[in-house]
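I opened a new structure today and kept notes as I went. The entries follow the order in which I looked things up.

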Amino acid sequence: MKKKRNLLIPLCITFSIVYIILAARPLKKELQFSPQWTIDATKVTVTKDSQNLKEKFSDAIPFKLGQTLGYFTTDGDILNIVTYPYKAALSRHAYTLYGTSDKKIPFYTPDGTKAGEIVQTGFPFFTEEGQYLFLPGGSAFAKLSEEGNIEWTYENYAPITAFASSHSGCVAGYSDGTIISFTGKGSIDQTFKPSGSDFPVILGTALSPSGNIIACISGQKRQRFIIAKKADNHTEIIHHEYLEKETTRQKLVKFSADESTVYYDSADGLGIVDCKKGKSKKIKISGHILSIQESEESRTVFVLSRDKTKYTVLVVEPFSTTAGAFSFEAQTAFIAVKGDCLFVGRDNEIAKMKIQYN
């Protein structure tokens, strides 16, 4: 009996050592924010004779806070500030200020130099991928050149209820439930109707960077989220799900840079779908989503949402792991991501935080 007991002890010790070795896993690195600076967003901090001013503007980050727009650098310089009374369109390349019935709409480069003029009444829509103009009546839009000239126009009988662009072109969703994607030159690439609802209006849409995949939120009464892919001479729906809670307002939809994931705003929070595996997940968020930004380096996604005066920044790691969140009170806010840094604008200030994994 004593022999068995003596033999059992070393066997247990050996088993424990082997288990610890085999079960050992490296601890997952945690996301941390390292504060870099906070600046006053109401004052220009450079002069016209500042060194490397052209270089600073070429890499500037656009921002909009309330009725103020401008550009700043990753080093914390405010390059330009413009206040506007009514509406403004803004991108990294240009900005414009406009009213509801302007017959001519001038637009400017980030440093304030006039870049061109849109000789047409409408509502400018500037993105990083191109400049567009929504025409009066709500059912037509035009693609603009860098000089503001109309390159091509598309007119439908139904009002446009959703619109998005990518490097490959643009996509428009209509009140009758039709979705049409266009190449950069204006030719129609895909057309389809998601259907499946009592009222087929399109509330949000996105076009993947390659132009091969479209995502959308469609319908009232049996509202659903759909991902469709171009296949030969037709469009194939590769994912769809009915949404438990419905909404009547426009929704933000966005693809990741590698097209592997699509994110969307729903009444339940942030929806996330793996485009290849068809897996989906919801992350509860209070309020509605204003912005979805992806880090080029880590592929971490930052989501800005608003519930009255409370803003929340949610951090999501691929595919759908919540890495953290923080909230703040403000009247207006924005987020931007560049390199390994997150920029958060709040009322009259902008803060820079470095994204680190420790």
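These are my entries, from the whole chain down to single residues.

**Ground rules.** I am working with a predicted model, where local features need pLDDT of at least 70, side-chain atom pairs count only at pLDDT 80 or more, and totals for chains, interfaces and linings use all residues. Residues are numbered from 1 along each chain as its sequence is written, and side-chain values use heavy atoms, with hydrogens and water left out.

**Overall.** I started with the secondary structure and found two helices and 31 strands. Both kinds of element are DSSP runs numbered from the N terminus: helices are H or I with at least four residues, strands are E with at least two. The C-alpha atoms fill a box of roughly 100 × 55 × 35 Å along the principal axes.

I then checked burial. Of the 358 residues, 48% count as buried. Buried means under 20% relative accessible area, exposed means over 50%, and partly exposed lies in between, with a 1.4 Å probe and protein chains only. The accessible surface comes to about 18700 Å², and carbon and sulfur atoms hold 51% of it. That area comes from the Shrake-Rupley method with a 1.4 Å probe.

I also looked at contacts, meaning heavy atoms within 4.5 Å. Among contacts with a separation of 6 or more, 39% are between residues 24 or more positions apart.

**First sheet.** In what order do the strands of this open sheet stand? I read β9-β10-β11-β12, with antiparallel pairing. Two strands pair if DSSP finds at least two bridges between them. At the edges stand β9 (123-126) and β12 (150-155); each has a single partner strand, so one side of each has no neighbour in the sheet. Neighbouring strands here are turned by 25 degrees against each other on average, direction ignored. The axes behind such angles are lines fitted to C-alpha atoms, for helices over the stretch in contact, and angles run from 0 to 180 degrees between N-to-C directions.

I followed one pairing. Strand β11 (residues 140-144) runs antiparallel to β12, and five bridges join them. Phe-141 stands opposite Tyr-154 in β12.

Another open sheet has four strands in the order β25-β26-β27-β28, with antiparallel pairing. Its edges are β25 (288-294) and β28 (321-329); each has a single partner strand, so one side of each is left without a neighbour in the sheet. Six bridges join β25 to strand β26 (residues 301-307), and the two run antiparallel. Ser-291 has Leu-304 as its bridge partner in β26.

**Salt bridges.** How many salt bridges does the structure hold? I noted 10. The rule is a side-chain nitrogen of Lys or Arg within 4 Å of a carboxyl oxygen of Asp or Glu.

- Lys-114 and Glu-117 meet at 3.5 Å, N to O. Glu-117 is partly exposed at 27% relative accessibility.
- Lys-143 and Glu-151 meet at 3.7 Å, N to O. Lys-143 is buried at 11%, whereas Glu-151 is partly exposed at 47%.
- Lys-282 and Glu-241 meet at 3.7 Å, N to O. Lys-282 lies in strand β24 (residues 280-283) and Glu-241 in strand β20 (residues 234-242), so the pair ties together parts 41 residues apart in sequence. Lys-282 is partly exposed at 31%, and Glu-241 is buried at 15%.

I also found a network: salt bridges that share partners join Arg-249, Lys-251 and Asp-265.

**Phe-199.** I picked this residue in strand β17 (residues 199-207). Phe-199 is partly exposed, with a relative accessible area of 48%. Leaving aside neighbours within four places in sequence, Phe-199 is in contact with Gly-219, Gln-220 and Lys-221. The C-alpha atoms of Phe-199 and Gln-223 are separated by 8.7 Å, while the two are 24 residues apart along the chain.

**Cysteines.** How many disulfides are there? I got zero, taking a disulfide as a pair of cysteine sulfur atoms within 2.5 Å. Cys-216 is in no disulfide, and its nearest cysteine sulfur, that of Cys-275, is 13 Å away. Cys-216 is buried at 0% relative accessible area. Cys-275 also counts as buried, at 13%.
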